[in-house]
Amino acid sequence: MNSETMIHTPGGYYALAYWLACNLILWFSPLKLNRGKRIVIQSMFFVILLLIMTVSDDKPDAAFVPLMLLYVLMIYLDIYINCRYDARTALHFAIRVFIIGEFAASFQWQMEYYTRMNFSIPSTWIVDMLILLGIHTIVFGVLANLEKKNRVINSKIEIKNKEMLSTLIIGFVVFTMSNFSFIIEKSPFSSQFASEIFFIRTLVDLAGVAILFAYHMLLGELKVMFEVNKLHDMLNMQYSNYEMLENSIAAVNQKYHDLKYQIAVLKQEADTEKNIAYLEKMEKEIKLYEAQNKTGNKVLDIILTGKSLYCSQNWIELTSVADGHAIDFMDDMDISTLFGNALDNAIESTSKIDKKEKRLIHLVVAKQNNFVRIRIENCYEEKLTFVDGMPITTKSDSKNHGYGLKSIENTVKKYGGSVTIQAKEGWFELRILIPFEE
């Protein structure tokens, strides 16, 4: 191997690098296909990619750019088919995979050339494979160790148009600069020496991998910060709603309290049985109101009373069997967040049902062994899609919705509990288990 041939990395090496880079991203991404289907798809992807890149190894210069676009398209389709990403997010990852593959293949070929030239290692099939496997093991081992930090980010990230455009620009600039001496042989920025061309290509690709990795982490951190702010706003909103309900219900209770004594006075002065019966009916209704939603926990009582009043005005039947003392260990704000969000979601879902007799919500709060068991059931008719056991929002503006359940989940996790959701036969069931000590 001479210095002129070293700049031409074999197509098969690039095919392997692209394929390994794809599998690296798939390993740390949310997947939508089972293992068997993924194995079939990845095997077909590698064979097709290897075939195309091997056949086009001695391609004319005019075919260089179209072939590169074809490889990016194949990588994109592989990620889009295997992962739970939309088109823009899949393209973002495809650009990252492409640049990682470019770097891995370039670095491997450069190290192979360096090893042979400096240590006089003979070029045999076995030696070539050992060098190939050894270098790729090191490269992708390091990349996997870095990428595993992005597992949580990868499960939540959703790329928008501006972010996708930024990724495309970074990828285009990196690829152009790394191959500048191939694209334009005679320019002030082109190198005339094979060793320099190879070194520049590897170095620029490495910088591209680092830039795209840093940009990806930045997008993930911004996403996390956005979620934290949204959840914080939702927590404050639910607690503000609770405080308003508390003041309103206190005023209503005072009026009912005064009305009780006024009815007692009027009963003494009533002159007919009809008037007495009417006043007794009013008195009975007041007693029913006073007995309603008395769970033993002040915060839960206020939330249930407020939601019950709203439900009665909107033809929704809300029933509850709740031991409020079971959640006395919880913070007032956490109680208002958990039950406020859960009941709001149930009310919103049942409000969409046309048949009023199906607008049903049922709440249970009880102690069971060393756990507090909370169950909220409601009828529903809309189509639900679950991801990792959680339904995704049905609203078109998904970026600003779907935080109610996340807020519930965060609140429950704060106490070491768990959240389970099930939708079956027209009933949506939210089940919560929270451990506690007597």
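## Two residues with positive phi

The loop between strand S6 (418-424) and strand S7 (427-435) holds Glu 425. This residue has a positive phi of about 55 degrees, although Glu 425 is not a glycine. Its relative accessibility is 73%, so Glu 425 counts as exposed. The model described here is a predicted one.

Trp 315 also has a positive phi of about 55 degrees without being a glycine. Trp 315 sits in the loop between helix H11 (298-313) and strand S1 (317-322). With a relative accessible area of 56%, Trp 315 is exposed; the cut-off for that word is over 50%.

Strand S1 contains Glu 317. At 47% relative accessibility, Glu 317 is classed as partly exposed.

The axes of H11 and H12 are 9 Å apart, and the two helices pack at an angle of about 20 degrees. Angles under 35 degrees count as roughly parallel, and H11 and H12 are therefore roughly parallel to each other. Their crossing is right-handed.

Helix H4 spans residues 87-119, and its axis comes within 9 Å of the axis of H7. The two axes cross at roughly 15 degrees, so H4 and H7 are roughly parallel to each other. The crossing of H4 and H7 is left-handed.

Helix H3 (residues 64-82) packs with H4 in another arrangement: the axes of H3 and H4 come within 8 Å and cross at roughly 125 degrees. That angle makes H3 oblique to H4. H3 passes H4 in a right-handed crossing.

Which residues make the nonpolar surface patch of about 560 Å²? They are Leu 165, Leu 168, Ile 169, Phe 172, Val 173 and Met 177. Leu 165 lies in helix H7, which runs over residues 161-178. With a relative accessible area of 49%, Leu 165 is partly exposed. Residues need over 30% relative accessible area to be part of a patch, and Leu 165 has 49%.

Is Phe 198 buried or exposed? Its relative accessible area is 0%, so Phe 198 is buried. Phe 198 lies in helix H9, which covers residues 194-269. Phe 198 and Asn 179 are 19 residues apart in sequence, and their C-alpha atoms are 9.3 Å apart in space.

## Salt bridges

How many salt bridges does a search of the whole structure find? The search finds eight. One of them joins the side chains of Glu 382 and Lys 352, with a distance of 3.3 Å from N to O. Glu 382 is partly exposed at 24% relative accessibility. Lys 352 is also partly exposed, with a relative accessible area of 45%.

Arg 375, Glu 377, Glu 429 and Arg 431 are linked in a network of salt bridges. The side chains of Glu 429 and Arg 431 form a salt bridge at 3.7 Å, N to O. Glu 429 has a relative accessible area of 15% and is buried, since buried means under 20%. Arg 431, with a relative accessible area of 33%, is partly exposed. The bridge between Glu 429 and Arg 431 therefore has a buried residue at the Glu 429 end and a partly exposed residue at the Arg 431 end.

Notes:
Residues are numbered from 1 along each chain as its sequence is written. This is a predicted model: local features need pLDDT of at least 70, side-chain atom pairs count only at pLDDT 80 or more; totals for chains, interfaces and linings use all residues. Side-chain values use heavy atoms; hydrogens and water are left out. Patches are made of residues with over 30% relative accessible area and no salt bridge: like charges are joined within 9 Å, nonpolar side chains (Val, Leu, Ile, Met, Phe, Trp, Tyr) within 5 Å. Accessible areas come from the Shrake-Rupley method with a 1.4 Å probe; for residues, only the protein chains shown count as cover. A salt bridge is a side-chain nitrogen of Lys or Arg within 4 Å of a carboxyl oxygen of Asp or Glu. Helices (H or I, at least four residues) and strands (E, at least two) are DSSP runs, numbered from the N terminus. Buried means under 20% relative accessible area, exposed over 50%, partly exposed in between (1.4 Å probe, protein chains only). Axes are lines fitted to C-alpha atoms, for helices over the stretch in contact, and angles run from 0 to 180 degrees between N-to-C directions. Angles under 35 degrees count as roughly parallel, over 145 as roughly antiparallel, 65 to 115 as roughly perpendicular and the rest as oblique. A crossing is left-handed if the near helix is turned anticlockwise from the far one by less than a right angle, and right-handed if clockwise.
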